[in-house]
Amino acid sequence: MATEAPPPPRNGTETDQGPASPTTEQFIEVQEGAEFGELRRTYRSFAFPLTLAFIAWYLLYVLLSNYAGDFMGTKVFGNINVALVLGLGQFLTTFLIAWLYSRHAANRLDPRAEAIRHRMEGDA
């Protein structure tokens, strides 16, 4: 695949293409700052509880499948049983969590990360 853009400069200096990369010291300074800490807390307060809830839900499904065969085999309607309903629920919750995370990231994480990036690149 051909591209018309020239390769990035090798020496890390600023060119007509954009600003130079921040230094290691600048990255450390931002990482230790309150704004980055708040961004990290916002991410963790969303991601960790949902991850734990989904793992618990998945393990419940696996344990019920292994140890509660009679319950999982209970017919809900027609040939549809509890195991099938809960198994499809796994897929639904996966997509639900992905959708919720994309909304959360777009509304709360991305604007803060973008502000930090602009400040580090010298745009702000």
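## Close-up views: ring pairs and salt bridges

**View 1. Arg117 and Glu114 share helix α4.** Both residues lie in helix α4, three residues apart, about one turn of the helix. This is a predicted model. The side chains of Arg117 and Glu114 meet in a salt bridge, at 2.5 Å from N to O. Arg117 is partly exposed, with a relative accessible area of 34%. Glu114 is also partly exposed, at 34% relative accessibility. Across the model, the count comes to five salt bridges.

View 2. Arg41 and Glu38 sit three residues apart in helix α2. That spacing separates them by about one helical turn. Their side chains meet in a salt bridge, with 3.3 Å from N to O. Glu38 counts as partly exposed, at 34% relative accessibility.

**View 3. Glu38 also pairs with Arg112.** The side chains of Arg112 and Glu38 meet in a salt bridge of 3.8 Å, N to O. This pair links distant parts of the chain: Arg112 is in helix α4 and Glu38 in helix α2, 74 residues apart. Arg112 is partly exposed, with a relative accessible area of 31%. Step back to take in Arg41 as well: Glu38, Arg41 and Arg112 are linked in a network of salt bridges.

View 4. A search of the whole structure finds two aromatic pairs. In one of them, Tyr43 and Tyr101 are 6.3 Å apart, centre to centre, with 85° between the planes. That angle is over 60 degrees, so the pair counts as edge-to-face. Tyr43 is partly exposed, with a relative accessible area of 36%. Tyr101 is partly exposed too, with 32%.

**View 5. Phe46 and Tyr101 form a tilted pair.** Their ring centres are 5.9 Å apart, and the angle between the planes is 45°. Phe46 lies in helix α2 and Tyr101 in helix α4, so this pair ties together parts that are 55 residues apart in sequence. Is Phe46 buried or exposed? Phe46 has a relative accessible area of 18%. Buried means under 20%, so Phe46 is buried.

**View 6. Three rings make a cluster.** Ring pairs link Tyr43, Phe46 and Tyr101 into a cluster. Tyr101 pairs edge-to-face with Tyr43. Tyr101 also forms the tilted pair with Phe46.

Note on methods
Residues are numbered from 1 along each chain as its sequence is written. This is a predicted model: local features need pLDDT of at least 70, side-chain atom pairs count only at pLDDT 80 or more; totals for chains, interfaces and linings use all residues. Side-chain values use heavy atoms; hydrogens and water are left out. Rings of Phe, Tyr and Trp (its six-membered ring) pair if their centres lie within 6.5 Å; planes under 30 degrees apart count as stacked, over 60 as edge-to-face and the rest as tilted. Buried means under 20% relative accessible area, exposed over 50%, partly exposed in between (1.4 Å probe, protein chains only). Helices (H or I, at least four residues) and strands (E, at least two) are DSSP runs, numbered from the N terminus. A salt bridge is a side-chain nitrogen of Lys or Arg within 4 Å of a carboxyl oxygen of Asp or Glu.
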